[in-house]
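Good morning, and thank you for coming. Please turn to the sequence and the structure on the screen.

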Amino acid sequence: MKAFFPNDAIAALNALPNPDHVQSDGNRYVAFQKSRISEWQGVNREFHGRTLEEALVYENLAHFSDGNLSIGVELPEDHNDLIEAVFKRIGSRSFKKTEFALDLLSNDDEWATPTYISDGLVWLQEKLNPPVPNAEAAQ
């Protein structure tokens, strides 16, 4: 991150607005995980995924708590215990990232793509397909 942003402190990066992710004369978008608010146990809580898998869990907590998706452990009710359980499970040697991804892809539920990925894909879509000026409006 130091190569892309002068202030690479977590708080500064979390506060960085999306337009500031665009660099190199508009030819590069630097995407990274940021803290997100998700509902847990009826309360909006802050979560910060450190990996793609953590971000997927935190942005899809309802699917993981209702059993439609799983990381192989029960999710604790306490916010801090949940963060620790997710971190430990996804970081464990027994966690199979490929199986996790295939489970997501084969699940019929509509799960959310982590925000940092969808933001980057929106930027890429706009970069590859810029708006075409309306010829009539130009006259």
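I shall speak about the salt bridges and then about one arginine.

This is a predicted model, in which local features need pLDDT of at least 70 and side-chain atom pairs count only at pLDDT 80 or more, while totals for chains, interfaces and linings use all residues. Residues are numbered from 1 along each chain as its sequence is written, and side-chain values use heavy atoms, with hydrogens and water left out.

A search of the whole structure finds 3 salt bridges, each a side-chain nitrogen of Lys or Arg within 4 Å of a carboxyl oxygen of Asp or Glu. One of them joins lysine 97 to glutamate 53, with the closest N and O atoms 3.5 Å apart. Lysine 97 belongs to helix α5 (residues 97-106) and glutamate 53 to helix α2 (residues 52-58), so this pair ties together parts that are 44 residues apart in sequence. Helices here are DSSP runs of H or I, at least four residues, numbered from the N terminus.

Glutamate 54 and arginine 50 also form a salt bridge, at 3.3 Å from N to O. Glutamate 54 is buried, at 2% relative accessible area, whereas arginine 50 is partly exposed at 45%. Buried means under 20%, exposed over 50%, and partly exposed in between, with a 1.4 Å probe and protein chains only.

A polar atom of the arginine 89 side chain does lie 2.5 Å from the backbone oxygen of isoleucine 71.

Note on methods. A polar contact is a pair of N or O atoms within 3.5 Å; within protein, one must be able to donate a hydrogen and the other to accept it, and residues adjacent in sequence count only if both atoms are side-chain atoms. Helices (H or I, at least four residues) and strands (E, at least two) are DSSP runs, numbered from the N terminus.
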